[in-house]
Amino acid sequence: MQITKNIHALKIPFKVNISPDKIAERFVYVYIVCGKKIWLIDTGVAGSKKLIFDYIESIGKSICDIESIFLTHSHPDHVGSAKSIKQECGSKVYVHNLERNWVEDVDLQCAQRPVPGFKNLVEGSVKVDGILKDGDIINLDENLSLRVIHTPGHSNGSVAYLIKEEGALLCGDTVLSSNQMPVFDDLAESINSVKKLDKINDVEILLSSWDDPRKGGQIHDVFEDSVNYFTKIQQAVNKIAAKENISDPAEFCKDIISELKLPPVMANPVTARTFQSVLKKIHACKNCCCGN
């Protein structure tokens, strides 16, 4: 669907095989920025190329015009189809330096961050052509620019993109809406990144990877809801950690998911990693306080 004069949103459904008897229905948004050329914000999971190409052709554009792919980060649902799109269109791939290794070596990513069904979600490793850093402004076209905003938390090198001329903020997975599956590496950085985005002026539309487009007064509410959800997660981890002898991360994850009243299917290795990251910070804080 067309969102602004130059930005289109494509919602891509996919499935994650959590276990032989457990399948999670998911989706992710890919954003298509059109001018004299075409620029993609993320590429969806493996197999998304056809959906992206069909949409581009349906709006009267050519896939040959896909000049660049700007990744919000390196996770499978964002980099999944980058390999085949780059091969077919000769597109350049850009990402923050802290995400580069996992884009160029997806086997390394799989080893360091196991995700159920990882091999089915990613086509393969992709050579990165350019490195992004906070504050970069990339001139895409006449009166069309992309400002890079580093938003660590979900991952170390996560970024958001501001297209000021369209009043659009594309935030990737930075914002975690209530009742979404909690996936992040650092809770405190996640909260700080959401607050950082909330301070940006003249944002008319918020475009997330995991939420429908939000406009006007909804935008601040989304940011506020996200901070509240992160806080709620921290409180749940604190509560369960205080009353349990934590020896099994999987069981600890199930108890947190239950405490948050989230669907049981969300208890998986990815959320277990999330809650362990929160727990690690709690222990580090306690040790630091004890040390003082």
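Predicted model: local features only at pLDDT ≥ 70, side-chain atom pairs only at ≥ 80, totals over all residues.

Modeller: Residues are numbered from 1 along each chain as its sequence is written, and side-chain values use heavy atoms, with hydrogens and water left out.

Proline 213 is found in the loop between strand 11 (205–208) and strand 12 (214–215); helices (H or I, at least four residues) and strands (E, at least two) are DSSP runs, numbered from the N terminus. With a relative accessible area of 19%, proline 213 is buried, a term that means under 20% relative accessible area, with exposed over 50% and partly exposed in between (1.4 Å probe, protein chains only). Leaving aside neighbours within four places in sequence, proline 213 is in contact (heavy atoms within 4.5 Å) with Met1, Ile3, Tyr29, Ile205, Leu206, Leu207 and Gln218. Of these, isoleucine 3 lies 210 residues away along the chain, yet its C-alpha atom is separated from that of proline 213 by 8.1 Å.

The loop between strand 10 (168–172) and helix 7 holds glutamine 180, which counts as buried at 17% relative accessibility. A polar atom of the glutamine 180 side chain lies 2.7 Å from the backbone oxygen of tryptophan 210. This is a polar contact, that is, a pair of N or O atoms within 3.5 Å; within protein, one must be able to donate a hydrogen and the other to accept it, and residues adjacent in sequence count only if both atoms are side-chain atoms. Leaving aside neighbours within four places in sequence, glutamine 180 also has contacts that include Asp211, Tyr229 and Leu262. Asparagine 179, found in the loop between strand 10 and helix 7, is partly exposed, with a relative accessible area of 48%. Its phi is near 70 degrees, a positive value in a residue other than glycine. Most residues other than glycine have a negative phi.

At the N-terminal end of helix 7, aspartate 186 forms a cap, with a side-chain oxygen 3.2 Å from the backbone nitrogen of alanine 188. The buried residues of helix 7 are Leu187, Ser190, Ile191, Ser193, Val194 and Leu197. They cover an arc of only 160 degrees around the axis, and therefore lie on the same side of helix 7; the arc is that of the directions from the helix axis to the C-beta atoms.

Turning to the strands, a hairpin joins strand 2 to strand 3 through three residues. Strand 2 (residues 22–34) and strand 3 run antiparallel, joined by four bridges, and valine 33 has tryptophan 39 as its bridge partner in strand 3. Two strands pair if DSSP finds at least two bridges between them. Strand 3 also pairs with strand 4 (residues 66–70), in the parallel sense and over four bridges; here isoleucine 38 stands opposite isoleucine 66. Both faces of strand 3 (residues 38–41) are covered, with Ile38 and Leu40 buried on one side and Trp39 and Ile41 buried on the other.

The largest nonpolar core has 77 residues, and Leu40 and Ile66 are among those with the most contacts inside it. A nonpolar core is a set of buried Ala, Val, Leu, Ile, Met, Phe, Trp, Tyr and Cys residues joined through side-chain atoms within 4.5 Å. A second, separate core of 21 residues includes Ile3, Ile41, Leu146 and Ile205.
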